[in-house]
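Please read the following note with the model open beside you, and check each point against it as you go.

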Amino acid sequence: MADSSSPPPPLCDRISHKSYLLRAVDLTILGLLFSLLLYRILHVNQSDTVWVVAFLCESCFSFVWLLITCIKWSPADYKTYPDRLDERVHDLPSVDMFVTTADPVREPPIIVVNTVLSLLAVNYPANKLACYVSDDGCSPLTYFSLKEASKFAKIWVPFCKKYNVNVRAPFMYFLNPPAATEGSEFGKDWEMMKREYEKLSQKLEEATGSSHWLDAEDDFEEFSNTKPNDHSTIVKVVWENKEGVGDEKEVPHVVYISREKRPNYLHQYKAGAMNFLVRVSGLMTNAPYMLNVDCDMYANEADVVRQAMCIFLQQSMNSNHCAFVQYPQYFYDSNVGELTVLQLYLGRGIAGIQGPLYGGSGCFHTRRVMYGLSLDDLEDDGSLSSIATRKYLAEESLAREFGKSKEMVKSVVDALQRKSYLHNTLKDSLEAAQEVGHCHYEYQTSWGNTIGWLYDSTTEDVNTSIGIHSRGWTSSYILPDPPAFLGCMPQGGPGTMVQQRRWATGLLEVLFNKQSPLIGMFRRKIRFRQRLAYLYVFSWGLRSIPELFYCLLPAYCVLHNSALFPKGVYLGIIVTLVGMHCLYTLWEFMSLGFSVQSWYVSQSFGRIKTTCSWLFSIFDIILKLLGISKTVFIVTKKTMPETKSGSGSEKSQGEVDCPNKDSGKFEFDGSLYFLPGTFIVLVNLAALAGCSVGLQRLSPRHGGGGSGLAEACGCVLVVILFLPFLKGMFEKGKYGIPLSTLSKAAFLAVLFVVFYVGN
């Protein structure tokens, strides 16, 4: 008989993934890099400037690998037990769910609707959930789509819970019919639900091409004469769950919001929208926890909320230390093997230090932490300390920090003191919600500075993340199977280049603002290795310079007839280093179920994005620091998958992320993003051609010897890594490099060859 005094089983366990073998491999590669640097130092007089440039580039690569080794040293994540939640917790906490969208063209309403429906149908009491949709484009089409979706949700949510549906985004669920269910109750319900969803899709598609529905209802008056960047605040309760008893047939609250926007007024992009969501939700439901997802990132796991609550409510660990729970971001429509490997190995590594970085989507936040609380402000039981009470709860201080809305101040006090704050109906808060959405509301407050999502970067996620960790908080990482959330990536090369540039620029903004890990080394409460993890991420854009130079060095050395790599037995350092790195990264991919082709695509795209997209982030940040221009947040286009085999409910992590058959070709356009890559390929091809016909310099300078087979192999390797550009030179249409880009790159390549052969 079990001892009744024994502690109950935990809601979650911290799983360590330490591997001494992987540590040894990381250290061996690091040792080889340092050996190469030492060789260059000892033989610097035997060659010309190229030796020094190579040393500087390899020093950067060595520093990056040192950071990676430190990050991956003690990987960990959490395993949750949501089935134990009901036994341990009788009254589950409320959760406010945030969905953000900004452009009904680039982010079609049908995508937003599917994300919202997947959230409304999760396995969690409906009276404990509220879904807020922020529309920064102030689109009546988005509002109309939410109204129609809320009607469909009244039959979709009960259907999902009755039959315990795994995937609760309708567009993914209905791609394949269930096996042998004709005549059964489930089969009839499935057919009925599919017909209703097709009606919904058809209605939204027709609404996209026509605006006759705008005049049919008085509910759209507030959208008249509005523009995406010039309109008043709009807050509308789309659906209110007035029953509020947690019945399986209930549908959670759905609220549409669009903050005021005016021309020539800085609206702080997504961070500003998130802070408006925090304020409106604080006035209406004031849940202690908040989930934010991008509009294309649907809930793929029905227990996603319960899993996060296992972390927050775990009593065996000090749950007050956990500020947010981050799920990895997986995608259903693109080859994102590199991102999957990055999240598993580096993500777990960072999670084993002070916790994962906030990724901008698929994250559960604690409202009190987002209101600026530090770890020192709490007692052991989670209540405010006496000092924090005087600091945060003084009326003048609250108005100065959070704004002059009395209703907002009251909701903040209740949230900080962990009290429930509910109106009789959501509509009681509409007037106050309108007030906190005004353009000038945040003026001379702490919103975006120390409270809520932080400003001064287009990557508001990691900017906010380092602010939270700097106050001493930790975070938690969960990697469920199947993945908790699935989204879509920008299709083709141009969209991806834009997104990568935006990320790299935003990360560099944080590196040079007050949140930088290089500032406040001893004052902040962020751990040293966590600081290194942030430094690794924030410096992505800076890596473009050494990688660009290193891609050109083999061609330069072949044309200039100078040595780039060590000679004789010392060449083994380079061969061993390249071989180990290739085998190591290949193992990482194949251990997750990816193919050799996926590994190659990842290695190739890694070089392309670094030299072609991240390179422009350096120019962006220089212009911003000089005050010449400001960075711009560009919304990337989202698309629905046309075909897909399988329902998606039984796929493993690796299978979900494998590339589809139509994603093998790289797309190009006339933007400057593709000029560096084309230039690199042409220069290396010219070097190989020049070597074969004897165009290179006849005698090497200095005493270090001339170029040889190693340098020629370096050129071949660069061309292989940039193979999409080589193929693009012979393709037409969107898969071909435009003639204007080819002409510019050819002109630069000719100058490069003529200059270095003639000097």
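**Notes on strands, annotated sites and a helix pair**

1. Strand 9 (residues 322-326) and strand 11 run antiparallel and are joined by 3 bridges; strands here are DSSP runs of type E with at least two residues, while helices are runs of type H or I with at least four residues, each numbered from the N terminus. Two strands are said to pair if DSSP finds at least two bridges between them. In this pairing, Gln326 has Cys363 of strand 11 as its bridge partner.

2. Please keep in mind that this is a predicted model, in which local features need pLDDT of at least 70 and side-chain atom pairs count only at pLDDT 80 or more, whereas totals for chains, interfaces and linings use all residues. Residues are numbered from 1 along each chain as its sequence is written, and side-chain values use heavy atoms, with hydrogens and water left out.

3. Strand 11 (residues 363-366) is also joined to strand 7 (residues 289-294), by 4 bridges and again in an antiparallel arrangement, and here Met290 has His365 as its bridge partner. Buried means under 20% relative accessible area, exposed means over 50%, and partly exposed lies in between, as computed with a 1.4 Å probe on protein chains only.

4. In which sense do strand 9 and strand 12 pair, parallel or antiparallel? They pair in the parallel sense, over 4 bridges, and Phe324 stands opposite Ser475 in strand 12. Strand 12 (residues 474-477) is covered on both faces, with Thr474 and Ser476 buried on one side and Ser475 and Tyr477 buried on the other.

5. An unreviewed UniProt entry places the feature "binding site" at Lys270 and Asp294; although these are spread over 25 residues of sequence, they cluster in space, with a largest C-alpha distance of 10.2 Å. UniProt positions are given in the numbering used here, feature names are shortened, and annotations may be inferred rather than shown by experiment.

6. Lys270 is in helix 8 (residues 269-284) and counts as buried because its relative accessible area is 13%. Asp294 is in strand 7 and counts as partly exposed because its relative accessibility is 21%. Leaving aside residues up to four places away in sequence, Lys270 touches Thr100, Asn292, Asp294, Gly360 and Glu460, where contact means heavy atoms within 4.5 Å. With neighbours within four places likewise left out, Asp294 is in contact with Thr100, Thr115, Lys270, Gly360 and Ser361.

7. The "binding site" annotation, from an unreviewed UniProt entry, also covers Glu107 and Asp136, which are spread over 30 residues of sequence but cluster in space, the largest C-alpha distance being 11.4 Å. Glu107 lies in the loop between strand 3 (95-101) and helix 4 (109-120), and is buried, with a relative accessible area of 6%.

8. Finally, helix 2 (residues 49-71) and helix 19 (residues 544-560) pack at an angle of about 145°, with their axes 10 Å apart; the axes are lines fitted to C-alpha atoms, for helices over the stretch in contact, and angles run from 0 to 180 degrees between N-to-C directions. Among the residues that meet are Val50, Val53 and Phe61 in helix 2, and Phe549, Leu553 and Tyr556 in helix 19.
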